[in-house]
Amino acid sequence: MEVFLQTLVAGILKGGLYSLIGMGMTLIMGVMGIINLAHGQLMMVAMYLTYVCFHYLGIDPYVALVVSMPCLFVLGAVIQKYALNPLMAVESILPENQVLMTVGIGMVLTEIARFIFSSNYRSVTTTYSGSAFFVGGVSFSVALTVAFLVAVAFTLFMFWFLVRTDLGRSIRATAQDRDAALLMGVNSKRITIVTFGIGSALVAAAGTLLMPVYYLFPDIGGPFTRKAFVITILGGLGSTVGAIFGGLTLGLAESFGATYIGMAFDDMIGLLIFILVLLFLPGGFKRLTKV
């Protein structure tokens with residue numbers, strides 16, 4: 001039972017960060033109607049920013065959120081305005097070409113990181129990176145617990161933002177029906193730029209929060225893009241609530257797979273669930289949620 005509880009806790013803590021990653025992608029998907037296949041690479045950029053802040057400026061990784069999130073918001077907004085919006089404006093160009101553009105952007109970001117930092121593995125080691133506290137015999141990683149709580153705070157803030165602010169309502173309206181939103185006076189180009197920036201900032205937060213307990217190298221973006229895609233499909237395309245369930249599901253699947261099957265199979269378990277959802281619940285958790 002203790003092993004089960006330990007695995008459950010690890011899966012929930014990891015799933016909370018995955019939810020933050022998935023929420024960023026699902027926002028972009030809901031508004032633009034495309035999968036951002038540079039999502040993980042944007043996270044990688046934020047992780048390198050955190051690494052630089054820690055090693056060269058002495059800034060704690062969690063404090064580095066005030067650097068990585070605004071920087072990635074600006075980067076995401078620039079990518080949307082100058083790389084994706086021009087493609088969206090040409091009606092003859094298929095949506096698949098916008099997806100291919102994000103693939104190209106991801107490759108460029110990866111190679112820029114490789115040129116600057118080389119392919120060596122890097123990490124951020126703090127006094128709390130390996131620390132843990134115990135509750136009833138179950139250990140909680142201090143770094144992951146703090147990261148989980150920060151991720152929950154960001155998630156709650158995003159719900160407040162989307163439900164209570166005019167900009168948030170405009171984003172939701174554009175995601176639900178772009179043409180109707182245009183008729184109501186919503187500036188769709190501005191909304192896509194802001195949404196891509198917010199999605200990039202959210203994944204930047206996840207990357208920064210992971211740095212005290214994770215390693216870093218230029219190609220790390222690929223696996224996290226895959227995870228974000230799986231979470232988006234599990235949760236239902238465009239569903240922010242679904243992204244939370246999708247992230248928790250993937251985190252628990254990987255955790256239990258690593259414990260009861262083997263560390264080498266944690267990704268396989270998540271992808272297996274992904275396939276089962278496509279077969280038996282094509283709409284993902286979106287069928288069960290309304291947001």
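**Note on the predicted model: cores, helices and one hairpin**

1. Leu 216 is in contact (heavy atoms within 4.5 Å) with Met 44, Met 47, Tyr 48, Tyr 51, Asn 120, Tyr 121, Arg 122 and Met 211, leaving aside its neighbours within four places in sequence. Leu 216 is also one of the residues with the most contacts inside the largest nonpolar core, a group that includes Leu 20, Ile 21, Met 44, Met 158, Ile 171 and Ile 198. That core has 71 residues. Helix α8 (residues 188-210) gives the largest share of this core, 12 residues. Apart from it lies another core, of five residues, among them Val 9, Leu 13, Phe 140 and Phe 148. A nonpolar core here is a set of buried Ala, Val, Leu, Ile, Met, Phe, Trp, Tyr and Cys residues joined through side-chain atoms within 4.5 Å.

2. On provenance: this is a predicted model, in which local features need pLDDT of at least 70 and side-chain atom pairs count only at pLDDT 80 or more, while totals for chains, interfaces and linings use all residues. Residues are numbered from 1 along each chain as its sequence is written, and side-chain values use heavy atoms, with hydrogens and water left out.

3. On confidence: pLDDT, the predictor's confidence in each residue from 0 to 100, averages 86 over the protein, and 94% of the residues score at least 70. Confidence is highest in helix α2 (residues 39-57), at a mean of 95, and lowest in helix α11 (residues 266-280), at 76. Helices (H or I, at least four residues) and strands (E, at least two) are DSSP runs, numbered from the N terminus.

4. Helix α2 has 19 residues and reaches 26 Å from its first C-alpha to its last, close to the 27 Å expected at 1.5 Å a residue. The expected span is 1.5 Å times one less than the number of residues. Just after α2, Gly 58 takes a positive phi of about 70°.

5. For α11, the 15 residues should span 21 Å, and the end C-alpha atoms are 22 Å apart, which agrees. Asp 266, Ile 269, Gly 270, Phe 274 and Val 277 of α11 are buried. They cover an arc of only 145° around the axis (taken from the directions from the helix axis to the C-beta atoms), which puts them on the same side of α11. Their cover includes α9 (221-235) and α10 (240-260).

6. Met 25 is found in helix α1 (residues 2-32) and counts as buried because its relative accessibility is 0%. Buried means under 20% relative accessible area, exposed over 50%, and partly exposed in between (1.4 Å probe, protein chains only). Beyond residues up to four places away in sequence, Met 25 touches Ile 35, Asn 36, His 39, Thr 225, Ala 228, Phe 229 and Thr 232. The C-alpha atoms of Met 25 and Thr 195 are separated by 9.9 Å, with the two residues 170 residues apart along the chain.

7. Thr 208, in helix α8, is likewise at 0% relative accessibility and counts as buried. Not counting residues up to four places away in sequence, Thr 208 touches Ala 46, Thr 50, Pro 61, Ala 64, Leu 65 and Ser 68. Glu 111, in helix α4 (residues 95-117), counts as partly exposed at 44%.

8. Strands β2 (residues 132-135) and β3 (residues 138-141) run antiparallel and are joined by four bridges; pairing requires at least two DSSP bridges. Ala 132 has Ser 141 as its bridge partner in β3. The two strands form a hairpin with two residues between them, and Gly 136 in the turn has a positive phi of about 60°.
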